[in-house]
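Colleague: I am new to this structure and would like a short tour. Could you take me through some of its details?

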Amino acid sequence: MQELWMLPQKEAEEALEESRRRLGRYGLVLTREDAAALMEGCSAALRHTGRVEFGGGILPRLLEVFCDSPALRQENLTEELLTLQEVFYHWKNEAGDLTPDGEVLAFLRRAYDKRGAAEYLAGFSMKEMREVLADE
């Protein structure tokens, strides 16, 4: 039986394949193993935050939003994306379901580009990060 919080396997794989091609246009390589790790990380993040996704999930959109970030580097690509995914779900819980995913992603991208480390962002709530960025 497929767990409720997991994306349909085929749909997720197709969306990730397109995302891998998009990242390649920016000089970033996401291997099939990396993509599998991101899918597993997505399932873990959904379980951890108590969220459920339908359709292609947030991962393809996250990759689309971050593929051209000057802060994203090949050396730690998978780890950064895993952490950004986790931060997204925490911030989405905080923002509420009425806040569009695109709004949370745009704010996450702005914060990431200014701070350059997903692990740094993970130490803040969305509200706290708004205050940090407002003070700059």
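Predicted model: local features only at pLDDT ≥ 70, side-chain atom pairs only at ≥ 80, totals over all residues.

Colleague: How are the rings of F66 and Y112 arranged?

Modeller: Their centres are 5.5 Å apart and their planes stand at 75 degrees, so the pair is edge-to-face. An angle over 60 degrees counts as edge-to-face.

Colleague: Which helices do F66 and Y112 lie in?

Modeller: F66 belongs to helix α3 (residues 59–66) and Y112 to helix α5 (residues 101–115), so the pair ties together parts that are 46 residues apart in sequence.

Colleague: How many aromatic pairs does the count come to?

Modeller: The count is four aromatic pairs. One of them joins F88 and Y89, edge-to-face, with 5.3 Å from centre to centre and 70 degrees between the planes.

Colleague: Are F88 and Y89 buried or exposed?

Modeller: Both F88 and Y89 are buried.

Colleague: Changing topic, how do α5 and α7 cross?

Modeller: The axes of α5 and helix α7 (residues 126–134) come within 11 Å and cross at roughly 50 degrees. The two helices are therefore oblique to each other, and their crossing is left-handed.

Colleague: Which residues meet there?

Modeller: From α5, the residues are V104, F107, R110, A111, K114 and R115. They meet M126, M129, R130, V132 and L133 of α7.

Colleague: Where does R130 lie relative to F107?

Modeller: R130 is placed over the face of the F107 ring, 4.5 Å from the ring centre.

Terms used: Residues numbered from 1 in each chain as written. Heavy atoms only, no water. Phe/Tyr/Trp six-rings, centres within 6.5 Å; stacked < 30°, edge-to-face > 60°. Helix = DSSP H or I, 4+ residues; strand = E, 2+ residues; numbered from the N terminus. Buried < 20%, exposed > 50% of the residue type's maximum accessible area, 1.4 Å probe, protein only. Lys NZ or Arg CZ within 6 Å of the ring centre and 35° of its normal. Axes fitted to C-alpha atoms, helices over the stretch in contact; angles between N-to-C directions. Parallel < 35°, antiparallel > 145°, perpendicular 65-115°, else oblique. Left-handed = near helix turned anticlockwise from the far one by under 90°. Contact = heavy atoms within 4.5 Å.
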